Amino acid sequence: MASEADVRNIPVDLSALTFVCVSAPRPKLVNQETGEVKTDRDGKTVFTVGLSAADAMGRVELVNVSVPGDQDVTIGQIVTPVGLVAFPWEQVIGGQKRWGVAYRASRIAVAGPVAVPNAPASSSAPSVAADVA
């Protein structure tokens, strides 16, 4: 029988998505006012990494993914969120009910360099002139 935690964690199919790091890893805060940093069950600091997720149709979503420990990724790198799961959440803040979907992964792996299109020819390149007779 599945536990409540298993039911809440929805595995994400990564096969049709491309992820790019758009926000460097930063410690996740439990309390904005006190600056208390979130830790996992093993005592590791939980970090948040901002990723863009694009599909073949050109749709792009921005997602913040929580991971245990700092990740060796930088903005612009193509990455793979290993073991990515989505889970719904809800809470009441100031009498208002809020809800959403959060994302968690075991780590963020670098998938490869970002392809940079060829730069336009510089104006200092030699020009080809036709001889006129």
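Ser52 sits in strand β5, which covers residues 46-55; helices (H or I, at least four residues) and strands (E, at least two) are DSSP runs, numbered from the N terminus. Ser52 is buried, because its relative accessibility is 11%; buried means under 20% relative accessible area, exposed over 50%, and partly exposed in between, with a 1.4 Å probe and protein chains only. Leaving out residues up to four places away in sequence, Ser52 touches Thr18, Phe19, Val20, Val22, Val60, Glu61 and Leu62, a contact being heavy atoms within 4.5 Å.

This is a predicted model, in which local features need pLDDT of at least 70 and side-chain atom pairs count only at pLDDT 80 or more, while totals for chains, interfaces and linings use all residues. Residues are numbered from 1 along each chain as its sequence is written, and side-chain values use heavy atoms, with hydrogens and water left out.

**The chain as a whole**

The protein chain has one helix and ten strands. Along the sequence they follow the pattern α-β-β-β-β-β-β-β-β-β-β. Of the 133 residues in the protein chain, 23% are buried. The chain exposes about 9800 Å², and carbon and sulfur atoms supply 55% of that area; accessible areas come from the Shrake-Rupley method with a 1.4 Å probe, and for residues only the protein chains shown count as cover. Among contacts between residues at least 6 apart in sequence, 57% join residues at least 24 apart.

The average pLDDT of the protein chain is 83, and 78% of the residues score at least 70; pLDDT is the predictor's confidence in each residue, from 0 to 100. Over residues 119-133 pLDDT stays under 50, and the model has zero contacts beyond four places in sequence for them.

Leu51 counts as buried because its relative accessibility is 0%. Beyond its neighbours within four places in sequence, Leu51 is in contact with Phe19, Val20, Cys21, Val22, Glu61, Leu62, Val63, Val65, Val79, Pro81 and Ile108. One of these, Val63, is twelve residues from Leu51 in sequence, and their C-alpha atoms are 5.3 Å apart.

The largest nonpolar core has 14 residues, and those with the most contacts inside it are Val49, Leu51, Val65, Val67, Val79 and Ile108. The elements that give two or more residues to this core are β2, β5 and β6 (60-68). Strand β5 gives the most, with four residues. A nonpolar core is a set of buried Ala, Val, Leu, Ile, Met, Phe, Trp, Tyr and Cys residues joined through side-chain atoms within 4.5 Å.

**A surface patch**

Which residues form a nonpolar patch on the surface? They are Val22, Val60 and Leu62, with about 290 Å² of accessible area together. Patches are made of residues with over 30% relative accessible area and no salt bridge; like charges are joined within 9 Å, and nonpolar side chains (Val, Leu, Ile, Met, Phe, Trp, Tyr) within 5 Å. Val22 belongs to strand β2, residues 17-27. With 38% relative accessibility, Val22 is partly exposed. Val22, Val60 and Leu62 are also among the residues that Ser52 touches.

**Salt bridges**

The structure holds two salt bridges, each a side-chain nitrogen of Lys or Arg within 4 Å of a carboxyl oxygen of Asp or Glu.

| Asp55 | Arg59 | 2.7 Å |

Arg59 is exposed, with a relative accessible area of 54%. Glu90 counts as exposed because its relative accessibility is 55%, and Lys97 is exposed at 56%. Lys97 lies in strand β9, residues 96-104. Apart from residues up to four places away in sequence, Lys97 touches Glu90, Gln91 and Val92.

**Pro88**

Not counting residues up to four places away in sequence, Pro88 touches Arg8, Ile10, Gly100 and Val101. Pro88 and Trp99 are eleven residues apart in sequence, with 7.4 Å from C-alpha to C-alpha.
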